[in-house]
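This briefing concerns a single protein chain. Please read it alongside the sequence and the structure shown here.

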Amino acid sequence: MAKRISGLLVAMAPRAILTAVLAAACASLGPAAARPLVPAERRYIPYGGVLPDCGDPAVFERIQGRFHDREAEFWNTGLEILGFGKVKEIGYKTNGEDYIPRRYCTAQVYLNDEKSHQVSYSINEDLGIIGFGFGVEWCVGGLDRNDAYAPNCKMARP
């Protein structure tokens, strides 16, 4: 019986050594070897990397219109954005060169209740209606009632 067990161990030793060597080799490759990093502008279907500026009126119109829809039709508060100020870019392509180009911005919004709030928003390439044009994701501080970008709109920033 002892000879059979020792023979089995001798037979399994090369497999165990091979497994250990392969595991060590795979661990040394690290996560960077999972795929090559290719800038978004050099893909098969490339992104242009051209996005509107943070203060572009078209961006403000989208935020203002969607804010109106949400507040008037869903929350029934009657709040409206009257204007924007203190516009600042806080990041561009901060997720990396090989991801969808995004420009991150903040601004002050002035509402019809005579209060101002900070709005955090990102302008995203090819994420408009059915993938055409730019898309805008936004969050008005203090008015994220369903905590979609909680805490305090942090998830809308880079």
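Where is the place of Pro 151? Pro 151 is in the segment after β4 (135-140), where helices (H or I, at least four residues) and strands (E, at least two) are DSSP runs, numbered from the N terminus. The model is a predicted one, in which local features need pLDDT of at least 70 and side-chain atom pairs count only at pLDDT 80 or more, whereas totals for chains, interfaces and linings use all residues. Residues are numbered from 1 along each chain as its sequence is written, and side-chain values use heavy atoms, with hydrogens and water left out.

**Confidence**

- The average pLDDT of the chain is 80, and 76% of the residues score at least 70; pLDDT is the predictor's confidence in each residue, from 0 to 100.
- Over residues 4-12 pLDDT stays under 50, and the model has zero contacts beyond four places in sequence for them; contact means heavy atoms within 4.5 Å.
- Where pLDDT is low, the predicted coordinates should not be read in detail.

**Disulfides**

- Two disulfides are found in a search of the whole structure, a disulfide being a pair of cysteine sulfur atoms within 2.5 Å.
- The link of Cys 54 and Cys 105 is left-handed, with -70° about the S-S bond.
- Cys 54 and Cys 105 are buried, where buried means under 20% relative accessible area, exposed over 50%, and partly exposed in between (1.4 Å probe, protein chains only).
- The sulfur atoms of Cys 139 and Cys 153 are 2.0 Å apart and form a disulfide.
- Cys 139 in strand β4 and Cys 153 in the segment after β4 are 14 residues apart, and the pair links distant parts of the chain.
- The torsion about the S-S bond of Cys 139 and Cys 153 is about -60°, so this disulfide is left-handed.
- Cys 139 and Cys 153 are both buried.
- With the bonded cysteines of the chain numbered in sequence order, the pairing is 1-2, 3-4.

**Nonpolar core**

- The largest nonpolar core has 21 residues, and those with the most contacts inside it are Ile 63, Phe 67, Val 119, Tyr 121 and Trp 138.
- At least two residues of this core come from each of α2, β1, β2, β3 (116-124) and β4.
- A nonpolar core is a set of buried Ala, Val, Leu, Ile, Met, Phe, Trp, Tyr and Cys residues joined through side-chain atoms within 4.5 Å.
- Beyond its neighbours within four places in sequence, Trp 138 is in contact with Ile 63, Arg 66, Phe 67, Arg 70, Val 119, Ser 120, Tyr 121 and Tyr 149.

**Thr 106 and Arg 157**

- Thr 106 is in strand β2 (residues 102-111) and is buried, with a relative accessible area of 6%.
- Outside the four places on either side in sequence, Thr 106 is in contact with Lys 86, Val 87, Lys 88, Ile 90, Gln 118, Val 119, Ser 120, Tyr 121 and Arg 157.
- Arg 157 is in the segment after β4 and counts as partly exposed because its relative accessibility is 28%.
- Not counting residues up to four places away in sequence, Arg 157 touches Ile 90, Tyr 104, Thr 106, Ser 120 and Asn 152.
- Arg 157 and Tyr 104 are 53 residues apart in sequence, yet their C-alpha atoms are 6.4 Å apart in space.
- A polar contact of 3.0 Å links the side chain of Arg 157 with the side chain of Ser 120.
- A polar contact is a pair of N or O atoms within 3.5 Å; within protein, one must be able to donate a hydrogen and the other to accept it, and residues adjacent in sequence count only if both atoms are side-chain atoms.
- A polar atom of the side chain of Arg 157 lies 3.4 Å from the backbone oxygen of Cys 153.

**Backbone geometry**

- The peptide bond from Ala 150 to Pro 151 is cis, with omega near -5°.
- Asn 76, in the loop between α2 (57-75) and β1 (81-92), is a residue other than glycine with a positive phi, near 55°.
- Asn 76 counts as exposed because its relative accessibility is 63%.
- Lys 86, in strand β1, is not a glycine but has a positive phi of about 50°.
- Lys 86 counts as exposed, at 68% relative accessibility.
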